[in-house]
Every structure is written in structure tokens, then in C-alpha cells.
There are 2 protein chains.
Amino acid sequence: MEHKNRQKHLVIFQPSGRRGHIDEGETILEASQEMGVDLESVCGGRATCGKCKVRIGEGSLKKYRIDSRREHLSPIEDTEKKFVTKHQELDGYRLACAARIYGDVVVFVPEESRTAKQIVCKPATKRAFDLKPAVRKCYVELAPATLDNPAADWERLQAELTKRFGLRNLTIDYQVLLSLQEAIRRGDWKITASVWMDREVIKAEPRFRERGYGVAVDIGTTTVAAYLCDLTTGEVVATESAMNPQVLYGEDVMSRISYAMENKKGLKTLNRVIVKQLNQLVREAAVQAGIKLGDILDMTVVGNTCMHHLFVGINPEYLGRAPFSPSLHHSLDVKARDLGLNIAEGAYVHALPIEAGFVGADNVGVLIAEEPYKQDKMLLIIDIGTNGELVLGNQDKLICSSCATGPAFEGANIKYGTRAAPGAIEKVEIDPDSKEVRLKVIGKTGWHTSLDTPGANGICGSGIFDAIAQMFLAGILQKSGRFNLDLKTPRLRTTEGQLEFVIAWANQTSIGHDITVSQADVRAVQLAKASMYAGVKLMVHRLGVKKLDKVILAGAFGSYIDKKSAMIIGLFPDCALENVYAVGNAAGDGARIALLNVDKRKEANEVARKVQYIELTTDADFERQFVQAMHFPHMEDGFPHLKQLLG
Amino acid sequence: MEHKNRQKHLVIFQPSGRRGHIDEGETILEASQEMGVDLESVCGGRATCGKCKVRIGEGSLKKYRIDSRREHLSPIEDTEKKFVTKHQELDGYRLACAARIYGDVVVFVPEESRTAKQIVCKPATKRAFDLKPAVRKCYVELAPATLDNPAADWERLQAELTKRFGLRNLTIDYQVLLSLQEAIRRGDWKITASVWMDREVIKAEPRFRERGYGVAVDIGTTTVAAYLCDLTTGEVVATESAMNPQVLYGEDVMSRISYAMENKKGLKTLNRVIVKQLNQLVREAAVQAGIKLGDILDMTVVGNTCMHHLFVGINPEYLGRAPFSPSLHHSLDVKARDLGLNIAEGAYVHALPIEAGFVGADNVGVLIAEEPYKQDKMLLIIDIGTNGELVLGNQDKLICSSCATGPAFEGANIKYGTRAAPGAIEKVEIDPDSKEVRLKVIGKTGWHTSLDTPGANGICGSGIFDAIAQMFLAGILQKSGRFNLDLKTPRLRTTEGQLEFVIAWANQTSIGHDITVSQADVRAVQLAKASMYAGVKLMVHRLGVKKLDKVILAGAFGSYIDKKSAMIIGLFPDCALENVYAVGNAAGDGARIALLNVDKRKEANEVARKVQYIELTTDADFERQFVQAMHFPHMEDGFPHLKQLLG
């Protein structure tokens, strides 16, 4: 627009501090667009969405050297009053698209009126990032087609999206194109387009439809989790998890690879069952949140390289043999329908990038959640799953590796192990003198004695960490991992030729059995933790690190593991306990962050390329380190920070 | 590469005339790339494809002010001799990728070594364009993955395509990605990638595979034609045509729209039958050419707006009611598999753009074939089909319109009408005195008498034009279209209450009947031609055109119609016969041109936006013009150029 002879006024936006001279009569929204100020507008300036609410400063604001007056704007309109309460009006709130500028003003843009709202993902670890999803909803009103202007529907929509939202060179999903004319006519030429990556229209809905959802998925070797998020607020509106049904075809990565190789339809089967499971999780999450599957406009996926390949449908054969090359490293955008996923018809699925054959998109998820590449502290990240992933380094250099821990830490391959779900024992304490056990059960509040365990059905990962650590501290387990046979307690007994310790008595459990930890369970945990510890030791040597500044324990345990228990059993070398953080499912958090912020997707590709994979199991020293690490907490290494506890 | 201290030599490329100074030791191919000279290289400079053959000038070439010596190049290598014959060697031929520069040279790039080869589409109309298909084959040799460099397959391929072919930001089709690792390993790390629009890898084949094919399709309301082309030469290697099976559900555009609206699965049925028919045509063409369906890497489609919508799967409902808006104007690229078409798994289908609700992609095909927008002569293009399309104008302005002619000109709705296929009578001559008929039959050579018509099974479009024109000239038909009842010949008779004229006697026809033209047939042709003529008259008035400089008759007749017959029956106003061109299926030619040259796709979008649609049937004068045009050749208008014939 040209306003050659119009007077100009000083407009200052806060908190950005942008200032500029604006033609008289322009709206605040137009001014924000000219000055590049981030201000939300879903309806494209038609005063129908109420998203562009701003507050106008009042008086001679010396700090800004301006005399900002609310009467410097056009009077408040009735349409605005639908969105601005009486109270807000008195506070100087206006809709930026309605208020026209007739004098100098200071405009405050509140957090909720920015397109890039800041989201705090986990208060504990202070993960904060801007809300900037890949899919954006754009409402437009089209001029109906007439004999004088019979232009096509798509060109009409395209032109309006360019005009109102500055979107150029847009394409439209083929399936969405097929239903476009109906959507436009049902909405009486008013339509909300969902635009993916400012590139493609992936949904077209009649009239104004603000809400849109996305789902972040973490495909673990043993468990699968889905987080349904509101793309307009960043909130998680539903969480669902389940066993990975591929477990039936092999417990760990290697056995799945073998299954795919040795069975004619192996790959197809493994792909089909995981897609089916994801569809079920997403359906359940949608029901829980009370939304339609068609309102899910985006999906991000993390998982280790093998889970990634099986999900995408790539033969994992070459992951299982030297040189263990994946089929691709870069992130991948595929139409959900091509993958067989039932979300919005035009939606894409974004699979995060891969670091190496054994360090996958799940670890990339952890990295973009924890951002070691932005820190100067020497950071160790341990992501505990069926396959354990290790990252060591800081902004200067990052190395990663993996170790086959087996599914013990996820509650599998443990006699009474179970997934972290209601009924699972998640915390354990053992009195060193009486050997009496106290425990916490998921879904129940407070601590219980081992005689009063309402509905317990097994022990989940965090419970196993606690149980072993507490058994060791209470003298039930020796340093070597063997049971202390001198112990006189009915809890220590032999069943089917194997020693075991009773954690919960049968009377109140839901399974009608005592819940125990057996010698074989202890061995499984020892093997897993020794593998982790040995890996960390070798990495620390490689990088020449003197001491760890910070240790992050991640893993899909459902509840957080106790960092002290982890250190007592010897999962990682000594570190001040206040610098150890148990962050839960950081891979899942990473998937969620990538779902809500496209810039983090770019960052993910950059860091996946930057981090250097180190093969540890071929290291000559691995075997020795592994054997030493079998002990609780370690055969040789000292743990000054545990001194008081270990005595 | 840096060659700081190297000597430089003058290199001149012909016929482009580009000259520049090149570092000593560089290859001619490298020089051509630096200087932007178009020189083919499929293998990326590995001397394995032999495509970059050039001829070196010899002696003191004064014209170029250079002393060009063949010994200024590195000696010919054994690898080159696989491609350069002894004879060629003596003539100074070399492979540009092998010959290194050690002195001044003039390099002649022969036609066949240019990527943009010039193709002459139809010698008759001198349509020439550069061969520049959307899909390009790129051969690369990858370094095998090792433990030291276990980079992923796709990133490895991507890097090599960037290095050898300058292709950046490439993506890969999801299905192709799934099979990539197998292709790479089966080819022992040598692979040929087919790249679409320099953007996406749509096929990956082991080892060097040069050949690639594309298919251009013209979906007419009554007939469908497919042209299978070799993308490396531009040649048509097979042509197939068939009836449009949608005819079963309605003969013209309007009745198909009704069928789609009135039947629950109407749209789905119409879409399914045409896709099935195209699959069959393409399969037959592939068999004819001896190639695999998977080697068909591209497809272009033209058709009127309704055919376009039904093919794509868009509800045609709104094409049938005011304001007759299509769903989109712009060209559309959709994965063949999404449309249900069985060609290469990753291939795209390019549907050409649409001008208006009644002037579709077929007319755009005609426009890019005939290019009226590049001419200063006043051009009339008549595209005769079930729906007739008219274009009038030149480089200054172009208008288009359409008229419902019905399928008479395609041989349908005519008693003995048939598709232009072997057995169809395609040419007719009638002796004015004896009323004896001579005719030509598709698939047979020479003229036949009406007693000797081996295997004739009906009359196709061009035959109908001839028959009516000849009947009129011979006095069998009156100006009004009625039969001349004074005529004494057994050929004029009444069958089932209707007058008809025998064109061929039963004895030799393959159908065991006399082949005749009935009064109803004549009426059908009159209605069709009157509609055309009236349309042209109104357009001529609208544009204020005094006289037509050139008339182009296009249409899918199989064989070319006789332009004199067309003028005698009165299809268009008077024009010097030498300026009337019958060009056959120009829409199909346009599809073929768009298949072989991507620039023409862009041009198609530009012209589709530029040409202005004129609604003629609502014109107050249409009815009067139509009635006058019912006569042969016209009730009032004179035809000075037919004076001699019409007497």
C-alpha cells in the first residue's frame, strides 16, 4: 500500500524494542508485519480470531522517550469487544488488527499473542523453547467464484494465503486437493488451511478452525510411548504407552534383525505390527483428549536406528553386519498415509535423524532436549534402554557410543519385571537391620510395607535399580553380586533351585505370588550396568576427560529412577550427586520438542552430523573394564561422593 | 580446484562461440562446465558413457584467431577408443572427459553430444524444441562403506550426485529409499539414479543404465491415446489408442458430470475405468517397445477440464454449473502410484494446466505445440473433438472458447462411425457425374472402389468430413443438408424410414453390411460444424479481426482431415487454403512436447494464465449465427477461396 502524503507516527513494540515510523491509519498488526515483530494472527487481520491482543502504554514514557496515548488509536470497535474484556479494556488492551494508528504509541505484545510462545518442557531440567510447530493454521475468506471471475478454487486460496500470510510457492497435498472444493463451499468461501513448513497445504477445513494437534512418538525396543500435543499451546493433552509388539519376534535389536533376515516376510511383519501399535496408541490418545484423528496434523518419531528402519520399512540387515551402515542419516519427512498411519490425510511424519548404526534418532532426541553442544561443562548422558546409548562431551566435541544392555532396565528378562504402568513397584527401601522392605506402587499414593502392597503386579525399571542398590547396602547382596548366605531372614530363600529375595509378599499383590528378585535377575542387572560403566570409562579415556561435571540419566522408565541407586549399583563413575540428573524419557522429550519447534529439527540434523560415533566393543580394553564393572559399585574405582553411604 | 601457477590456454567452443582461458591440464568437459557450454555427460566424467564426444579443430583457424592443434591435448586413451571409431579418431573426435588441455583448441560440440538436443516433433508443422526431459539419469560410483567411514547409503549417494552433477538439496522418493541399499549393493556400489526436476531421486538402479522412457497421454472424451517416448532421443517408440471407457457412462462431458453427481460411486467409477484403460494402453505400448513398465520414468497428461478432473479424481460437479469453475488451473505433479498408475514406482505424473471450466489441458497442449503467443499473424486454432475448442489471437492477445460439438467428428453418434483405427474409411471421393465412390481404408494402401473395400468396418472422423463435403459437391446433399430426392442412384435409399447414401457396399466390408451416411448423420455433422462456425464468428467479432492469416485444424482423428473438406462443409470462415494446416492431434503433441521439455511446462502455465476465456453460448447473437451456419458451407458468408470448387 502507498501512503505518500500521510503523516507518520513513532511506534515502539515491547518487549522486542523494535521502533519505527508508521503511516497514519495503518493497523498495529500491519505495523508489526512491516517491522518484523512477532505477533500472532490466525485470521489474517479480520478481527475474528482474537489472537493479536496487545496492550498500549499510557502517558509520557520517559524510558522510551515517547508520549504514548491510548487515544492515539482509533476508538475500540464492537468486534474487538468480543475478545477484549471490560477489565482488559481499562488496562489498555486492543486487537492489533483493529486498532489504527493516529499518534505515537508503545505497544506491549504479551506472551500469549506471540506466534513463538515459550514452552517449558520439564521444569526440573529447565528445558525451554519457542512454540514454532511445522504446521500453521491460516484462516482466509475467499471471494466466491462468479461468471466474471471463475478462477479455480486452488488458485483463489493460494492467492489469499499469499496476500494474508505472505506464503509463496505453496503446493497442496493431492488428497486435500480432491476435497478442496467441498470444503470451500461448505464453509461458504471461508476456509482454514493447515500449512506445513510454509510449503504445502495439508488440510482444508470449512470456516474458522483454530485447534490443531500433533503427536510425538518414541519407539523403544521394548516400550512405545506417544505424546499427543496441542500445537497451539504446546501442552501434552494425552500420553499413551504400550509394549513394542515386535518383542514377540525378538527381544533385542540383533534378534529383530535376524528375524527380518531369516523370514521371507519378516521385515513386513515387524513393520506392520509397530505401525498397528502406533495407530492404536494414537487412537487411544485421541479418545482420551476428545479429538478426532483428522485433527492430528503432524507427527515426530524417535527410536534407535533399527526401530527407525523397521518403522520406516527399511531392511535392517546391514545394521547387523560390519560396517553397520544405516540406510540414511538425515531426518525424513514421509506422508503419514504412505506409512499406513491414520492421522490427518495430508499430514507428514518427521523421523528424526540418525547418528550411526547403533546410535539412532532416539539419542538425537536426547541431544536436542539436553543440548550438550551448547554447554561448556563436561557432560555425560546415559540413555538407558534395551540398547544403552552414551554421549560424552560439550560444545567443543561430542562423542557417542552404544552398548547392548539388554531389556533388564526396562523390567523385561527379570522374573517379576514389568513395564512402568499402574501396579508396578517403582521405589524400594530396605531397612539395613531388619531387612524389612518398604515400597511405592505406580497408581497408589505413599509408601507401603511389603505385606501391604495393594495390587502390585511386578517391578519396573526404577524399582529394580532401587531393589538391587538397597539389597547391596543392606548386606543382602555382596560386592560380587552373590547373595549373602549368612543372612537369617525368611525373605532370602531358594525357589526352583535358585536363590531369591522377597520384595513383596503374595497376600496383597494382584498376581497371587510373592514378588522377588532372583540371583538371575541380579546377574542380568550386573551385565547391563557393567556394559554401561565400561563404555563410559573407555569414552572418558578417549576424550581425555579428568572428571564429569554433570551426568544425565535418561530412559523410558515411566517414573524417574533414583540417581543415588544408579550410582550405588555402579552405572557410571563418581560424580557429585547434585550434578546428577534423572530426566526420564529424554528421547521422548526430544520428539516432543521437535514436534513443537521446527528450528530444533534443523538443529537435530546438525548435531547428528557433528557427534562422532566411537565403536567400543572392539576396544582391546573393553573386556577388562567390563569384568571390573561387574562388581557393586565397581571392583577398583572409588566413589568419594558415596563415601557416607557405602561406609 | 586451484591451479595457481598453471599456464592458461584459449579454448573456443562451437557452435556456441563461447571462449575462455582454461588452466593447463583440465579436461575439455571441465572447461565446458566452467564456461557453461551444454555438453552431455551421463557418467559424470568417468569415460564410461561415451556421451561427451567432441571434435577438435585442426590448424590456424583464422576465423577464430586461434591455432588449434589436436596435439594440444593429452594423447587419446584406450578407454576413449571404446567409443571413438578409428575413422572418428582421424577426424579429430575425442571424449571431452578424457582429453586434457595443453594448448589452444577449438572444440566442436556435435548435436548428439548436447544435453539439449533439438527434436523435430512433426516435420509438417516444423515444431522444433530442445530435448530437456524432467527426468535425468545420473551414474555414480560410490566408495563402499567401511568401519572408518560407515556413512549412510543415501548421504553417500547424495554427496556423489552433488559432486558429479552439481545437484543440491536432493530428496529421495520414499519407496525408492526403501530399496536403495539393495540397489547399491547389487551394483557393487555403482548406481544410476534417475533424478526428477533436479530435485528428487525417483529411481535407483544397479550399475550404468542409460535408457529411460516417458509416456504422453491425451484423454479425449471419446478416445484416449498414449505415446511412449525414449527420453534419451525424444523418439516415439510406441503409440496406442483406445475408446475412452467412460463413454459407457455418458457420451459427452455434461452427461459424465451428471453421472458423477447422480451416482453415489459415480466419480469413483469414472476415475477407475480411465485409470484402468491408461494402465492397459501403457502396458501395451511397453510390450510393443520391448521395455519394462518400471523403465517409464515420467508421464504427462492432457485432456479437457472434465477429463482432467475425472482422471485426477476431482468431483466435476462444479464444472457443470455456473460459474463453471475448475478446482485448479495450475499444472499438477502427482506420484503415479497415488493415481493408481503402474509405471516406475517413484515416477510423477504431470497434468498440464487448465484454461477454464470448458477449455482444458488439451487446449494448453495445442497452444504449446502451435505457439500462437509467439506469432504476429492472426491465428485461429480449431481443436475438433467431442468438445470443440477455439483459440483466436497472436502474441498481443489470445482468447479461447469452447463449443459442444458432440462426438460426431470422432465417428461416434454416426450410424457407421468408428474410431480412427485399421478398417476405418478415412478418405472419400465421389464422382459428381456417376456418383461413384472411391475411398481409402486405414491399414490398406491406395484408393479402393466402393465394391472393393477390403475389411472396412466404418467411417472415422476424417472420412465423415470427406463424405459430407463430397456429397455436397456432387449434389447429393443440398445446401440445407437435406438429400437431393431428384437423384437417381441405388446408393440413395430409405432404410428403416430414413434416407441414407451408400458409401461402401457390403460385399467386402468386414461387418457384412453396406456402410452408409444417413440423414441423421448429416444432421449431427451440421449441428457440430454450425456450433464451431458460430463460435469462430463471435470470437472474430470480439477481437475485431478483419481476416484470418492462418487456420490450424487439430483433432485426434488418427489420420489428418482434409482441410478442403473442412472448409467445404463450413467449419470455419474463408481463408487461403495454403494458410490452412491440418495438424492432427496437436493436444497429444503438446503432451509429448511437455514430456520431453520441462521449459515447455513452465510456458504452458504461463499461457494458460494469459489466454482469456470467452463464454459464447450466452452471447445474444449466438443463436442467429448458429442457424445461419447450419447450411453448407454457410447461409450468407462467402468463400472466395472455394469459388472454383463451389462454382
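In strand E30(B), which residue is the bridge partner of B:Leu379?

Mentor: The bridge partner of B:Leu379 in E30(B) is B:Lys550. Before the details, some conventions apply. Residues are numbered from 1 along each chain as its sequence is written, and chains are lettered from A and ligands numbered from 1 in the order in which they are written. This is a predicted model in which local features need pLDDT of at least 70, side-chain atom pairs count only at pLDDT 80 or more, and totals for chains, interfaces and linings use all residues, while side-chain values use heavy atoms, with hydrogens and water left out.

Helices (H or I, at least four residues) and strands (E, at least two) are DSSP runs, numbered from the N terminus. Strand E30 of chain B spans residues 550-555, and six of its six residues are buried, so the strand is largely enclosed by the rest of the structure. Here, buried means under 20% relative accessible area, exposed over 50%, and partly exposed in between (1.4 Å probe, protein chains only). B:Lys550, B:Ile552 and B:Ala554 point one way from E30(B), whereas B:Val551, B:Leu553 and B:Gly555 point the other way; all of them are buried.

Two strands pair if DSSP finds at least two bridges between them. Strand E20 of chain B (residues 379-384), which contributes B:Leu379, runs parallel to E30(B) and is joined to it by six bridges. E30(B) also pairs in the parallel sense with strand E31 of chain B (residues 580-584), over four bridges. In that pairing, B:Leu553 has B:Ala582 of E31(B) as its bridge partner.

Strand E1 of chain A (residues 8-14) pairs with E2(A) in the antiparallel sense over five bridges, and A:Leu10 stands opposite A:His21 in E2(A).

Elsewhere in chain B, B:Ser565 belongs to helix H13 (residues 563-569) and counts as buried at 4% relative accessibility. Its side chain makes a polar contact of 2.7 Å with the side chain of B:Asp466. A polar contact is a pair of N or O atoms within 3.5 Å; within protein, one must be able to donate a hydrogen and the other to accept it, and residues adjacent in sequence count only if both atoms are side-chain atoms. Leaving aside its neighbours within four places in sequence, B:Ser565 is in contact (heavy atoms within 4.5 Å) with B:Phe465, B:Asp466 and B:Ala469.

B:Lys51 is partly exposed, with a relative accessible area of 23%. Another salt bridge, at 2.8 Å (N to O), joins B:Glu80 and B:Arg94. B:Glu80 lies in helix H2 (residues 78-81) of chain B and B:Arg94 in strand E6 (residues 93-95) of chain B, so the pair ties together parts that are 14 residues apart in sequence. Both B:Glu80 and B:Arg94 are buried.

Finally, the two chains meet: 34 residues of chain A are in contact with 34 residues of chain B. The area buried between chain A and chain B is about 3,100 Å², of which carbon and sulfur atoms give 58%; buried area is the accessible area (1.4 Å probe) that two parts lose on being put together, summed over both. In chain A, A:Tyr174, A:Gln181 and A:Tyr318 lose the most area to chain B, together 20% of what that side buries. Between chain A and chain B there are zero salt bridges, whereas 20 residue pairs are in polar contact across the interface (both at pLDDT 80 or more).

Terms used
Salt bridge = Lys/Arg side-chain N within 4 Å of Asp/Glu carboxyl O.
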